[in-house]
Amino acid sequence: MGILGLSKIIADIAPGSIKERELKHYFGRKIAIDASMCLYQFLIAVRNEGEQLKAADGETTSHLMGTFYRTIRLVDQGIKPVYVFDGKPPNLKGGELAKRAEKREEAQKLLQAAEEAGNAEDVNKFNRRLVKVTKIHSDEAKQLLKLMGIPYVDAPCEAEAQCAALVKGGKVYATATEDMDALTFGCDILLRRLTFSEARKMPVQEFHFNKVLEGLELNKDEFIDLCIMLGCDYTDSIKGIGPKRAIELIKTHKSLEKIIEKLDTKKYTIPEDWNYKQARLLFKEPDVANVDDIELKWSEPDEEGLVKFLCGDKQFNEERVRSGAKKLCKARNTTTQGRLDSYFKVLPTPNSNPQKRKIEEKKKSAKKGKTGGNSKFKGKAK
C-alpha cells in the first residue's frame, strides 16, 4: 500500500522536490529496485489475451519475462540495477495483510460471478485483483538474476527499508519503487516509473527527500507522523482526517501525541489501542541488514544457463534469450566514460548566492566608473 495520498501532497505543496528525467539520465548509476513491486507489475502487465503467460507445465512465466527484458533495457542504458527482496513482514503488518486477504476473497467471488455472466472486462479486472507475488515467483526471479549476473539482496524484513539503507549507506544512488514509504524510511532519492515499460512513454519521477521536507516545512520526525496519519501498512489512521487536514494538524501541533491531546474526538475517531508509536519506531529503526556487510557485484551472464532455464518447459525463444545475454555481456564489457560526478565532488562557488552576486557586480561597476573604464587600456590613448 505504501503511504496513502503522499505523492499528491508532495506534488501540490512541494513540487520543487520532484524532477522528471529520461531513463538515460541514470547512465552509470547503481539503483536499488524493490523486487516484489517489480514482480507484481510484471504479473499484472505481461499477459496474453488477458491471461498471465504460462509455461508448458502450466506455471506462470510473466514475472520471468518482465524481469529478463526490463533488466536488459536498464543495463542497456548503462544502469547498474540491484534487486532487493522482501523478508519476513513485521508483526504490525499483520492487519494490512489480513485486509488484503479479505479483498482477494471478495475478488474471487466477484470473478466467479463475472465468469458465469460471461463479462470479459470484469473477468480481467478481478483476475488482476487476485494477483499475488509468491515465494516461488521470488525464488525463480533470484535464479534468473543470478544467471544474468545481476546482484540481489535478501532483506530481513521490508525491501523498501533495506533499499533506503543502501542509499543512505552510499552503496547505490537511489531506490526504484512505486511505494512512497521508501521516503518514510528516510531514502534520500526515490525513483518512480523506472521499471515501467517503454511503451508507456512516461518519464521517471525523481523525489529528493531533503527537498520534500523543505517544501512541506517539516522535520524528519514530523514527516513520519504525517505518513502515519495519512495511512500506512502498520496501523490504522484517524477516521475523518484527510490529507489536507493531516498536514495542517502536523504543522500546528508537531507530533501525534499533541494532536491526540487537542483533537475533537466527537468529530474524529481515534483507533482503539492505536499503535502509532510502534509504527513510528518501525520507520525510524527498521530491521535491515548492515550495508557494510553487503557486497554488490555485477558479473558475466551465463548464456547457456539462461537458455537451459528459460527455454524448454518455460518456452522462451532461444534466439531472443541468447540475444539478451549478448546485450548483457556488451553492456558489461564495453568501456565507456563514467559519470564525472562519480569522480569529482562539485563544490559551490564562493558567490553562488544570487543576491550576493548582484551586490558584488554593482560594486565592480561603481569602481569602474570611478577609474574611468577598464584599467588595462589606461595610458594607451594619446
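Among contacts in the chain between residues at least 6 apart in sequence, what percentage join residues at least 24 apart? The share is 70%, where a contact means heavy atoms within 4.5 Å. The structure is a predicted model, in which local features need pLDDT of at least 70 and side-chain atom pairs count only at pLDDT 80 or more, whereas totals for chains, interfaces and linings use all residues. Residues are numbered from 1 along each chain as its sequence is written, and side-chain values use heavy atoms, with hydrogens and water left out.

The predictor's confidence in each residue is expressed as pLDDT, from 0 to 100. Its mean over the chain is 81, and 72% of the residues reach 70 or more.

Of its 382 residues, 44% count as buried, that is, under 20% relative accessible area with a 1.4 Å probe, protein chains only. The accessible surface comes to about 21,800 Å², of which carbon and sulfur atoms contribute 49%, as calculated by the Shrake-Rupley method with a 1.4 Å probe.

Seven strands form an open sheet with mixed pairing, in the order β1-β9-β8-β7-β2-β5-β6; two strands pair if DSSP finds at least two bridges between them. β1 (18–21) and β6 (152–154) stand at the edges with a single partner strand each, so one side of each is left without a neighbour in the sheet. Neighbouring strands of this sheet are turned by 25 degrees against each other on average, direction ignored. β1 pairs with strand β9 (residues 204–208) in the antiparallel sense over four bridges, and I18 stands opposite F207 in β9.

Helix α7 (residues 159–168) lies across β2 (30–34), β5 (80–85), β6, β7 (174–176) and β8 (189–192), and runs at about 170 degrees to β2. Such angles run from 0 to 180 degrees between N-to-C directions, with axes fitted to C-alpha atoms, for helices over the stretch in contact.

S36 lies in helix α2 (residues 35–45). S36 counts as buried because its relative accessibility is 16%. Not counting residues up to four places away in sequence, S36 touches V84, D86 and V133.

Methods: Buried means under 20% relative accessible area, exposed over 50%, partly exposed in between (1.4 Å probe, protein chains only). Helices (H or I, at least four residues) and strands (E, at least two) are DSSP runs, numbered from the N terminus.
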